[in-house]
Amino acid sequence: MSKTAELSIDGKTYTLPVFTGTENEMAIDIGKLRDQSGIVTLDPGYKNTGATTSAITYLDGDNGILRYRGYSIEELAEKSTFIEVAYLLIFGELPGKDQLQRFRNDIKTHTLVHEDVKKILDGFPSTAHPMGVLASLFCSQTAFYPESLDPNRASEGVYMSIIRSMAKMPTFAAWAYKNAIGHPVNYPDNSLEYCSRFMKMMFALPAEPYVVDPVISSAIDKLLILHADHEQNCSTSTVRMVGSSQASIYSSISAGINALWGPLHGGANQEVIVMLEAIAKDGGNIDKWIAKAKDKNDPFRLMGFGHRVYKNFDPRAKIIKKAADDVLGKLGVKDPILDIARNLEDIALRDSYFIERKLYPNVDFYSGIIYRALGIPVEMFTVMFAIGRLPGWIAQWKEMRENKEPIGRPRQIYTGQKERQYVPITKR
Ligand code: CMC
């Protein structure tokens with residue numbers, strides 16, 4: 001028998017259906033509550049609101065579990081590749097050999113962007129943050145592929161938008177970086193795989209040979225897998241929300257890139273390094289910075305700490321911490337910032353403020369350290385996150401469309417003035 005919940009208010013009782021997910025998570029379905037009672041629910045920041053049902057990613061924040069389409073993040077990070085994981089997230093199953101080959105080739109065929117994109121890029125001053133440039137270039141694809149404006153077209157059309165998004169993202173990202181440093185852009189080298197191609201576009205200089213270090217490209221591949229999806233976070237909810245108005249995939253994802261940019265979300269990886277450098281510059285006085293993070297009169301927060309859903313540990317942070325040790329060891333990099341990060345983590349994890357609030361290092365705490373060791377400049381850290389998150393955004397957008405979800409439109413409780421008369425300026 002299906003479960004129900006009862007809600008009593010003003011002497012009236014309403015029976016509400018309870019929805020149970022595959023992992024026995026339960027949600028009270030309040031979809032008809034307003035029609036029955038005139039009452040809405042209130043939950044700023046959607047802290048306890050399921051905005052959708054989804055078959056893509058399972059996350060158990062209390063036990064530190066993260067699975068894409070049923071496969072554990074630990075296993076995928078160790079055994080899979082980013083392109084295979086992208087296929088899994090977007091199409092629901094691991095690809096067979098031929099399917100993977102076709103997906104990979106289709107992506108390779110579309111890595112070039114229209115030459116006119118360079119004119120858009122040229123319009124940005126070199127002071128432009130690469131995230132702003134990335135979001136703009138991504139959205140500009142609606143102009144180059146106007147057929148994408150109709151998200152209801154046949155599935156082959158949607159497939160092409162998916163391929164173009166995956167293919168062009170590293171090109172846009174590397175070009176945003178080249179713009180920031182005032183260098184000419186590099187074109188994609190399709191003899192290379194996804195991450196190596198991106199590295200070459202980022203770092204090759206005119207007339208100089210560039211050989212991709214396999215340690216670097218495989219570390220990037222792993223980082224992208226770890227970032228590939230994270231169910232209904234701020235940027236993904238944004239993609240679904242924008243897409244729910246039947247906006248195109250490019251504009252929906254561009255909105256997601258902007259949402260990711262903020263320091264409380266993907267922008268935290270850049271802020272972690274800024275924070276660690278500030279602590280180093282300040283003489284490495286970790287206690288002082290911990291005290292600042294605890295002080296309610298000080299806006300400073302320990303960047304890379306805390307998470308809306310993980311209240312035990314972030315499984316991605318565990319993998320990344322180990323990967324940081326491996327990569328720095330293999331590349332022979334000794335980074336004093338890593339020592340500060342480790343000490344900061346040790347001290348915070350023993351401090352009652354962080355223990356009581358269940359604040360642990362999140363994915364961004366160590367990812368910035370690896371990116372630094374790999375030679376990725378700090379303003380590009382959040383762009384790296386965006387490259388990784390792209391298949392998740394695509395999968396969530398596609399699922400939302402296929403499930404024919406209604407337009408996202410939350411309610412509110414009005415707390416402003418009651419109706420009053422307009423007073424002309426001469427009488428105020
Ligand atoms: N440093 C100090 N105090 C913190 C921190 C922190 N990093 N994070 C949370 N708190 C405190 C907060 O002040 C509050 O204390 P109190 O109960 O006394 O008012 C309590 O912990 C709960 O915090 P909250 O802001 O209500 O929690 P939230 O779920 O709304 O926010 C968060 C989650 C990730 C935005 C927050 O932990 C934060 O700002 N962390 C730093 C930024 C960061 O690392 N973001 C990356 C998140 S992981 C990557 C991603 O998926 O986006």
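I looked up cysteine 139 first. Its relative accessibility is 29%, so I noted cysteine 139 as partly exposed. The model is a predicted one, and I kept that in mind throughout. Next I asked where the nearest cysteine sulfur to cysteine 139 sits. That sulfur belongs to cysteine 234 and is 17 Å away. A disulfide needs the two sulfur atoms within 2.5 Å. Cysteine 139 is therefore in no disulfide.

I then turned to cysteine 234. Cysteine 234 is in no disulfide either, with the sulfur of cysteine 139 as its nearest, 17 Å off. Is cysteine 234 buried, partly exposed or exposed? I found a relative accessible area of 46%, so cysteine 234 is partly exposed. My disulfide count for the model ends at 0.

**Helices H7 and H11**

I moved on to a helix pair. H7 covers residues 155-181 and H11 covers residues 249-261. Their axes come within 10 Å. At what angle do they cross? I read roughly 40°. I logged the crossing of H7 and H11 as right-handed.

Which residues make the contact? From H7 I listed Met160, Ser161, Ile162, Arg164, Ser165 and Met169. From H11 I listed Ile249, Tyr250 and Ile257. I sorted the residues of this contact into 6 nonpolar, 2 polar and 1 charged.

**Aspartate 314**

I went to the loop between helix H13 (286-294) and H14, where aspartate 314 is placed. Buried or exposed? Its relative accessible area is 2%, so aspartate 314 is buried. Leaving out residues up to four places away in sequence, I found aspartate 314 touching His307, Pro361, Asn362 and Val363.

I also checked aspartate 314 against arginine 67. The two are 247 residues apart in sequence. In space, their C-alpha atoms are 12 Å apart.

**Arginine 316**

My last stop was arginine 316, in helix H14 (residues 315-331). Its relative accessibility is 2%, so I put arginine 316 down as buried. What does arginine 316 contact, leaving aside neighbours within four places in sequence? I listed Leu66, Leu226, His230, His307, Tyr310, Val363 and Arg389. His307 and Val363 are among the contacts of arginine 316, and aspartate 314 touches His307 and Val363 as well.

How values were computed
Residues are numbered from 1 along each chain as its sequence is written. This is a predicted model: local features need pLDDT of at least 70, side-chain atom pairs count only at pLDDT 80 or more; totals for chains, interfaces and linings use all residues. Side-chain values use heavy atoms; hydrogens and water are left out. Axes are lines fitted to C-alpha atoms, for helices over the stretch in contact, and angles run from 0 to 180 degrees between N-to-C directions. Helices (H or I, at least four residues) and strands (E, at least two) are DSSP runs, numbered from the N terminus. A crossing is left-handed if the near helix is turned anticlockwise from the far one by less than a right angle, and right-handed if clockwise. Contact means heavy atoms within 4.5 Å. Ala, Val, Leu, Ile, Met, Phe, Trp, Tyr, Cys and Pro count as nonpolar, Asp, Glu, Lys and Arg as charged, and the others, Gly among them, as polar. Buried means under 20% relative accessible area, exposed over 50%, partly exposed in between (1.4 Å probe, protein chains only).
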